Amino acid sequence: MDEKIKVMLLMEEGYIRDSVRVILSVTEDIVLVGETDNLGTALELIKKFTPDITIVGEEVRGNDGFALSQRIMDEDPFHPIIFIATRLNVDTYKNALYVGIKEVLKAPLYPDELKSSIVRVHKASKKAGRLTVHMDAEASLENEVKPDIKETDEEESRARIISTFSIKGGVGKTTISTNLAVTLAQGGNKTALLDLDIYSGDVALAMNIIPRRRVSDLGNDIQRLDLDLLESYMVRHPSGVMVFLAPFNIEHADYIKLDHIEKVLDLLKQEYDYIIIDCPSYFYDIAMMALKKSDVILLVATMDILSLKSIKNTISVLENAKVAKNKMKLVLNKYIRGVGLTVNDVEATLSMPVTTVIPLENQLAISSMNQGIPFVAGMRRAKVSRGIYNLAREILVMAGGKA
Ligand SMILES: Nc1ncnc2c1ncn2[C@@H]1O[C@H](COP(=O)(O)OP(=O)(O)OP(=O)(O)O)[C@@H](O)[C@H]1O
Ligand SMILES: [Mg+2]
């Protein structure tokens with residue numbers, strides 16, 4: 001390892017902090033750049049020493065470690081946190097998932113366990129590095145987001161197709177695909193967004209964009225279609241996302257054929273880093289083809305039993321269509337406590353881990369949809385935006401992890 005991993009501690013004075021200090025002091029590749037039991041000091045130290053990882057204790061001078069972690073992530077949604085707890089139970093993992101904590105370790109700590117956790121978290125966050133956001137409330141949107149230098153190795157250059165899907169309507173597929181695309185584009189990734197909900201076409205409204213050309217005319221150009229011609233059918237959103245909209249008039253939807261969209265995907269794959277697909281709430285030939293071509297299928301569930309039932313059906317239909325289950329990732333949207341269903345129940349019912357939890361934030365989600373401004377563009381500190389950042393980070397890690 002060429003550079004040492006910089007670690008900071010926000011922990012209560014005591015034997016756990018002492019043991020972390022001792023373990024790190026004898027670990028060559030890791031350096032402790034600061035330690036404190038005060039949140040204000042921790043935030044200062046993070047600014048000053050830009051640690052790669054902060055280790056947070058379960059309770060720090062009477063303050064809940066999860067709330068402290070949340071505050072750190074309010075400042076930088078991508079700051080990797082390792083959480084150390086004295087007892088582990090379902091709530092610990094749920095809270096960690098909710099806040100976006102990378103790993104939870106149980107005290108007392110084993111040196112190898114702590115070291116490998118730090119190395120693992122650091123490696124994952126480096127892969128997601130292009131998403132680093134530098135918070136500056138005064139700066140304009142363009143200036144706020146400073147993408148890191150684009151990695152050029154072969155592994156990173158391959159396009160990833162990510163679809164949002166669920167056969168239940170209104171669960172947040174369009175919300176997630178538009179906000180995810182904007183987040184990835186803001187991070188410096190060349191990102192395309194395809195609206196395959198061709199009879200509904202909500203992406204245009206959700207992003208407040210109008211088509212430049214009738215996508216239903218694509219068929220006339222299909223023989224000579226190249227990327228330049230294809231991009232003339234797409235609309236550039238201010239975030240940089242290139243959007244392929246659904247036809248403006250519903251009667252034009254039937255002009256969109258399977259082989260057109262197949263060609264569109266093949267062309268985009270040559271040049272784009274991420275292709276996000278907003279699917280409709282039903283299976284049709286084009287959506288099925290897109291799902292089969294996808295590297296990741298985000299199954300969007302909400303906190304109700306009907307949604308879980310429909311996801312179960314979706315999984316079995318996809319499996320019957322020979323779509324690999326490991327491509328399917330569960331996203332729990334509109335998350336809210338106290339509705340008789342927990343994250344744990346969702347995972348148990350679907351026999352699948354929840355990849356990301358996106359909280360219910362009615363006013364913001366609906367008003368951003370009504371204004372046509374994805375909330376990650378305007379309300380970056382909102383809980384719902386943080387949910388999308390966590391999802392984007394998972395996607396980048398998954399993409400980087402794939403050979
Ligand atoms: N996390 C959230 N919190 C609160 N409201 C949300 C959230 N996510 C989405 N919504 C709202 O739910 C409604 C449906 O969202 P959206 O259109 O994204 O769902 P969809 O799955 O694409 O629907 P359709 O099946 O009709 O295409 C919208 O009003 C949206 O603002
Ligand atoms: Mg939709």
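The model is predicted: local features need pLDDT of at least 70, side-chain atom pairs count only at pLDDT 80 or more, and totals for chains, interfaces and linings use all residues. Residues are numbered from 1 along each chain as its sequence is written, and chains are lettered from A and ligands numbered from 1 in the order in which they are written.

Around ligand 1 stand 21 residues, a residue being near if its C-beta atom, placed from the backbone, lies within 6 Å. Gly-169, Gly-172, Thr-174, Thr-175 and Ala-365 come nearest. Two or more residues of the shell come from each of helix H8 (173–186), strand S14 (328–335) and helix H16 (362–371); helices (H or I, at least four residues) and strands (E, at least two) are DSSP runs, numbered from the N terminus. H16 gives the most, four residues.

The open sheet has five strands in the order S2-S1-S3-S6-S7, with parallel pairing; two strands pair if DSSP finds at least two bridges between them. Strands S2 (30–36) and S7 (103–106) are at the edges, each with a single partner strand, so one side of each is left without a neighbour in the sheet. Neighbouring strands of this sheet are turned by 25 degrees against each other on average, direction ignored. Strand S1 (residues 5–10) pairs with S2 in the parallel sense over six bridges, and Lys-6 stands opposite Val-31 in S2.

Key. Axes are lines fitted to C-alpha atoms, for helices over the stretch in contact, and angles run from 0 to 180 degrees between N-to-C directions.
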